[in-house]
Amino acid sequence: MARRATPEVNAGSMADIAFLLLIFFLVTTTIEKDKGIARQLPPKQEEDVPPPPLKEKNIFIVNVNKDNQLLVEEQLMDLEDLRQAAIDFLDNGGAPSGSPEHCNYCQGPRDTRSSDNPKKAVISVQNDRLTSYKTYISVQNELVAAYNFLRNRESTRLFGWNFTEVKNAINEGNYNGNEDAAWEQLKQIQELFPLNLSEAEPKKRGE
Amino acid sequence: MSKFKKKKGGEIPAVNTASLPDIVFMLLFFFMVVTVLRDSSLMVKNTLPKGDQVEKLKKDRSIFIYAGKPGPGYDKYGTEGIIQIGDKITNIGNIKFALEGLRQKLLPSLKDKVVVALKVDGETNTGLVSDIKEELRELNMVKIIYITTPGTELQN
């Protein structure tokens, strides 16, 4: 008896099976894109190194208490106003023209009681141990925003592009153009407004 | 007239679905490749704060630290903020060993460029975070990134 040819397997349900798997993976997939505020910690240093001399007017003190209230330069302030206050402080350029610390690119009010030069200006954040992390991040975010605002302004004035956009493009590797040259220019802008953010050791609870 | 009636016309032919499985398989493989099944389940609450001045995290060189209050089902750890590294709850003194172990798993060329990603719950106290940062300074892992979710900080 002649053997019958094996019947072809019905592949009609293949699509259904594939769809089922597809939907499973679609549902379980979380394409995680973590983004955040990058920061470099100061290196460990010896105990009894005297702090570098700083003029008091060059320090911008942000104090956050355990109830998440902000005390900026001895004044109670809302979070919304912090960015502008920081910009005003950094961009002040109080040193008189002719002095070596004169800031020729600052557009601030040139108040002699505020910072001399963005390169000298330091923002100091003091937290309480009981400050909530949310508030801490908000404050850091606002201060970084102030720096980014000023850096963007300078890069637009000098080179005609936006500092943060170009920096992100280079970091993600999709910058079209000469990357090294752009990197040099980014550094130049960073030197005009260096990120001088200091963080004091947090105080004990409720002090 | 019958001559015309014989003609098979008017009906639209059915769309050929023979290549449908191929297309679906292609999609399937794409999602299979991009899917990362979480290797460590979170034992802490982890609602990240919002921020908009952010940079992207480079995954290949990063170590994650989670912190927050114990999540549901982990009441045995108390009600204060705790630290999770990998899939273990760690206390402050053991962070160094845990991080050193994780650093060894990175590619040799990236070991010096390690970035520590801090995923900290918004309700945590800053004190815990500064304790972690103090340990990181001693380990000389000074590059950190506070992971945030998109949004403006004023919504915090």
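Colleague: What makes strand β1 (residues 35–40) of chain A and β2(B) a pair?

Modeller: Two bridges join β1(A) to β2(B), and the strands run antiparallel. Two strands pair if DSSP finds at least two bridges between them, so these two qualify. A:Lys35 stands opposite B:Lys56 in β2(B). The model is predicted: local features need pLDDT of at least 70, side-chain atom pairs count only at pLDDT 80 or more, and totals for chains, interfaces and linings use all residues. Residues are numbered from 1 along each chain as its sequence is written, while chains are lettered from A and ligands numbered from 1 in the order in which they are written.

Colleague: Which elements of chain B touch chain A?

Modeller: The contact (C-beta atoms, placed from the backbone, within 7 Å) takes 44 residues from chain B and 42 residues from chain A. On chain B, the elements that give two or more residues are α2 (20–34), β2 (55–56), β6 (115–120), α4 (126–139) and β7 (143–150). The largest share, nine residues, comes from α2(B). Helices (H or I, at least four residues) and strands (E, at least two) are DSSP runs, numbered from the N terminus.

Colleague: How do the residues on that side of chain B divide by type?

Modeller: There are 23 nonpolar, 11 polar and 10 charged residues on the side of chain B that touches chain A. Ala, Val, Leu, Ile, Met, Phe, Trp, Tyr, Cys and Pro count as nonpolar, Asp, Glu, Lys and Arg as charged, and the others, Gly among them, as polar.

Colleague: What makes one face of α2(A) the buried one?

Modeller: A residue is buried if 20 or more other C-beta atoms lie within 10 Å of its own, exposed if 12 or fewer, and partly exposed in between, with C-beta atoms placed from the backbone. In α2(A), A:Leu82, A:Ala86, A:Phe89 and A:Leu90 are buried. Seen down the axis, they fall within an arc of 85° (taken from the directions from the helix axis to the C-beta atoms), so they line one face. The face turned away carries the exposed residues A:Glu80 and A:Gln84. Among the elements covering the buried residues are β5 (122–127) and α3 of chain A.

Colleague: Which residues have the most contacts inside the largest nonpolar core?

Modeller: They are A:Ala86, A:Ala146, B:Ile65, B:Ala67, B:Leu118 and B:Ile132, in a core of 48 residues. Such a core is a set of buried Ala, Val, Leu, Ile, Met, Phe, Trp, Tyr and Cys residues joined through C-beta atoms within 7 Å. Helix α3 (residues 133–158) of chain A gives the most to this core, 11 residues. Beyond its neighbours within four places in sequence, A:Ala86 is in contact with A:Phe60, A:Ile123, A:Glu142, A:Leu143 and A:Ala146.

Colleague: How do you know that β4(B) pairs with β5(B)?

Modeller: Three bridges join β4(B) (residues 82–85) to β5(B) (residues 88–90), running antiparallel, and at least two are required. B:Gln84 has B:Ile89 as its bridge partner in β5(B). Three bridges also join β4(B) to the antiparallel strand β3(B) (residues 62–68), where B:Tyr66 is the bridge partner of B:Gln84. In the hairpin of β4(B) and β5(B), with two residues between the strands, B:Gly86 takes a positive phi near 65°.

Technical notes: Two residues are in contact if their C-beta atoms, placed from the backbone, lie within 7 Å.
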